[in-house]
Structure formats: C-alpha cells, structure tokens
Amino acid sequence: MQYALSDGAHQTVTEFIRVKTPTESIRIGFTEQKVSGYAGLSTFTSFLLWHRLGEVFGKLLPHRPTSPNALPPGDLAMGFITGILSGAQKLAQVAFLRKDVMLPSLLGIERIGSQSTFTRFFQGFKSAPQNAATFGPLWRWCLERLPTRSGGYSLDLDSTRLLHEDSHQEGVAVGYTRLGVKPCLHPLLAVLEEVKLVVGFWLRPGNTSCANNVIDFTRELLARMPAFIRLRVIRADSGFCVAEWLDFLELRALKYIVVAKLLQPLQQILKKDLIWKPTEVPGTEVAEAIHQEANWKTGRRVVLIRHRTEEKIATGQRPGGKTLLDCPGYQYQALVTNLPTTVRPLAIWRDYNQRAGCEGVIKQLDGDFALPRLCLDSFWATEAALSLSVFSYNLCVLFQRHLGWKERVTASTLRFRLFTTGGIISQTGGITTIRLSVPEAERPWCLAVFDKILSLVPSCNAVGARPG
C-alpha cells in the first residue's frame, strides 16, 4: 500500500490523501459531519435510561458539588460506565471519549468528564461506610432484577490479586500471587453462579489472607438479599475454610461446600483403610468421613475424592487435587459440607465443580472491565472505581438477560457485535436524529433489540444473540 498527497497540492491545504492499493487508488479526506464510532451504544444507553439509572445515582452518590460549572455526579458515573463498556482501561481512556459527538446525547448528560474530573470524583469516596452506603444499594438493585428460582441460587465466594508493581498507592502491599510475592491489591467478591452476577465486592490490601473479614462480608451480603432470592448452597475454596466462618454459616442454617485444607490430621485419614467407592467418572473414587479439626467445635462431614493420575492423563484429562508423598499415583481433594447424607459424595463434588464459573467472571473483570488497571492514590477511591467497574459488568449481564439471550457473551463480543457501530448525529426539524450504519440485512435484528429494550409492556419474546 502506498500513500501520496493529491497531485499539485500543498500539504497544508490538501483535501484528499491518495492511497494506492494493489487493485485501486483510494482518496482519504475529512468531513464536518458529526460521526461517532460508538453509535451502537445507543442500545445499551437506552437500557440504562429505561431503568432510570441516572436517578438512582443521583440518590446514592455522596458528592455535593458546590461549583455551578461542576458536572453532576450521576453524569460522571454514567460517563465512566460507558467508557468502560467502550473498552477503556484507564481514566485517561475514559476521558478520551470527550471527543465523541454522540455519547452525551445518548446518555442525556452534558458531557463526558476529563481525567482530572474523574480523579476528583473518585477521591470523593473517603471511607468504608461511605462506599457501603453507595454500592450496597447498587448490588441490591441488581439482585432485584433477577427472577426467583425454585431450586435457589448458588453463592460463590472468591478472591483475586491485582498486581501493581509501582506499589505507591494506598493499600498496595506485598502478597502471594501466581507470579510470586508481588505488590498487589486483594479484592473479595461474591457471585451468583446461575446468572454470573456479582452481588458483593470489597477491596482489601494485598497482604491480607483470603478469609480476612469474610464473616462481615457475608453478613452484609445476607442483609441485602431480597426475600425472594433463596440461597441453595454457598461454595468457596480452601482459603475460606476457617472455623469461625463455617460456624457462622451453620448458625444461620445455610448449606455450604468448602474445600478442606489437606493438613496433617486429614492426611492421616486419607492414609487409613478408607472404603473408596468407584464412580461413573473413570479414574475417580470417593469416600467420606466425619472429621474434626483441632479448632472445630464439632465433627463435620468431609467428602474425599481421589483421582488416579495415570488414567486421567491417558484420557486427556487434567486431574485436580493435591499429590501426597505417602500416596503416589493419586491426587486428592477434600470437601467439607453440611449437606445431608442423602446427597451422594460424587454429587457434592460435581456441585462444587460448578464454582468454576466464578473464575470465568473474574477473568472477564480482569480482561474487559479494567480491574488490574484502575488504581488511584487513595484506597477508598480505588475501591469505588473498581466497584463501579464491577457494576458495569453486572449491567452487561442484566442487559443480555433483558434481551432474553441464553448464550452469554463477553463485553468484548458485545463491542464488536453491537456497540462499535458507526452513526451520524444531526438536527432534523429541531429533533436530534441518529442514523446507524447497519447493513440492510441486519436492520430487522437491530430494530428488534430496540423494541425489546424500550417496550413498556414486558415481553417474553427473546431477541436473537446475533444478527440473522
């Protein structure tokens, strides 16, 4: 491909740039028309406006601007969410959308804020109670948009590490990560597995343990659960297997499946003559026992699983669990649970394995919602920015549920399939008009999306997840 200025024209007054390809010559110029590459976000912003999210922010955000020129806090929150959905990974990239001629009209706001404006906005969050008063009701708002389930929901708790090598921000501390001991933050979150919705998020310093403050976190979660949301089971990995939390769940008659720590007392049980029963899963056997750790008030049901390593590898499977030096050839797992004995050990193991969906949620938050990149000097400001980003993820989930999509897609797929549709904005007869650049064959699908979102009467008819 070759580039050249139009013949005989000075560079500063050139109207077109001529580009030569192997098959043709193309002229590239500029236009005064108001064109946006994010006109497809009109579907998502219509969803936000239909739910009157701006009014919700206006009631919950703690900011009280005194300057007459200050942007309303709700406008900044809406602009930030739209920036994250557009693919921004930093506040500077969110602020870059100020150049877009269409987004303020779509959102019903004055304009997108600058980087410094967004920084000041998040610095307005100054304490844990202030953050809880803002985001607790937002998690509740998400829960209220779910249907009841006869079987109940599975609540999964997990944590992740957000690396920050510069380590000067408040709360960034050295902790254990997959890359070794590194400066990081250590968020705690809870996910409803059946809908992949985040219903709780706390930020913690990087040097905290997995179970740090988990009882208060769970207590807050339970307090904001609507009455129609019934929890079938709570699941967590071994980092949360602490006696106080298990006691807390049992006191509230909540069922749980938690990975037990394979400490020496439990290893001694594995080495005894347990009755291992084969299962319909090749290479996997199960057993169970009543076991009491030194700091447990009572014995608890422990489901034990062992996988024959060679058989799993031969069938192309990745055996899970831990290898014990005294028991070669096997990998072991242990699950502590208060589910009744009528629930078979293999069913409990399979139930716990469904928790892998929580890992997928964290992966999406990291890749599409900027969790590893958003970090401000103040700890509470960082928690607010991350919480609003996680809330953006929830809005994506609810948006797809509203459309009736059974096939969940990531935010990056939504961007390519829908959001990054070009469009032109103009004034026609005193009315703001947006014309979307949608191929004719895909227009019926696009119209169906708008009809579903804007309908005042709830409709059970789902819209296809892709054109055609």
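## Strand β18 and I434

I434 is placed in strand β18, which covers residues 431–436; helices (H or I, at least four residues) and strands (E, at least two) are DSSP runs, numbered from the N terminus. This is a predicted model, in which local features need pLDDT of at least 70 and side-chain atom pairs count only at pLDDT 80 or more, while totals for chains, interfaces and linings use all residues. Residues are numbered from 1 along each chain as its sequence is written, and side-chain values use heavy atoms, with hydrogens and water left out.

With a relative accessible area of 29%, I434 is partly exposed, where buried means under 20% relative accessible area, exposed over 50% and partly exposed in between (1.4 Å probe, protein chains only). Apart from neighbours within four places in sequence, I434 is in contact with M102, L106, I424 and I425, contact meaning heavy atoms within 4.5 Å. I424 is ten residues from I434 in sequence, and the C-alpha atoms of these two residues are 5.5 Å apart in space.

## Aromatic pairs and cluster

The rings of Phe, Tyr and Trp (its six-membered ring) pair if their centres lie within 6.5 Å, and planes under 30 degrees apart count as stacked, over 60 as edge-to-face and the rest as tilted; by this rule there are 19 aromatic pairs. In one of them, the ring centres of F44 and F47 are 6.1 Å apart and the planes stand at 40°, so this pair is tilted. F44 and F47 are separated by about one helical turn, because they lie three residues apart in helix α1 (residues 42–50). F44 is buried at 1% relative accessibility, and F47 is likewise buried, with a relative accessible area of 1%.

F57 and F391 form an edge-to-face pair, with 6.1 Å from centre to centre and 75° between the planes. This pair links distant parts of the chain, since F57 belongs to helix α2 (residues 53–60) and F391 to helix α14 (residues 379–403), 334 residues apart. Both F57 and F391 are buried. One aromatic cluster is formed by F80, F118, F121, F122, F125 and F135.

## Arginines

The charged end of R149 sits over the ring of Y153, 5.5 Å from the ring centre, the criterion being that NZ of Lys or CZ of Arg is within 6 Å of the ring centre and within 35 degrees of the ring normal. R300 lies over the face of W296, at 5.0 Å from the ring centre.

R224 is found in the loop between α8 (214–223) and β11 (231–236), and counts as buried at 9% relative accessibility. Not counting residues up to four places away in sequence, R224 touches G136, W139, R140, L143, V199 and G200.

## Helix packing

The axes of helix α7 (residues 128–143) and α14 come within 11 Å and cross at roughly 5°; axes are lines fitted to C-alpha atoms, for helices over the stretch in contact, and angles run from 0 to 180 degrees between N-to-C directions. The two helices are therefore roughly parallel to each other, a term for angles under 35 degrees, with those over 145 counted as roughly antiparallel, 65 to 115 as roughly perpendicular and the rest as oblique. Residues of α7 in this contact include F135 and W139, which meet a set in α14 that includes F391.

In helix α12 (residues 345–353), the buried residues include P345, W349 and D351. The elements that cover the buried residues of α12 include β11, β12 (256–259), β14 (284–291), β15 (300–308) and β16 (330–337).
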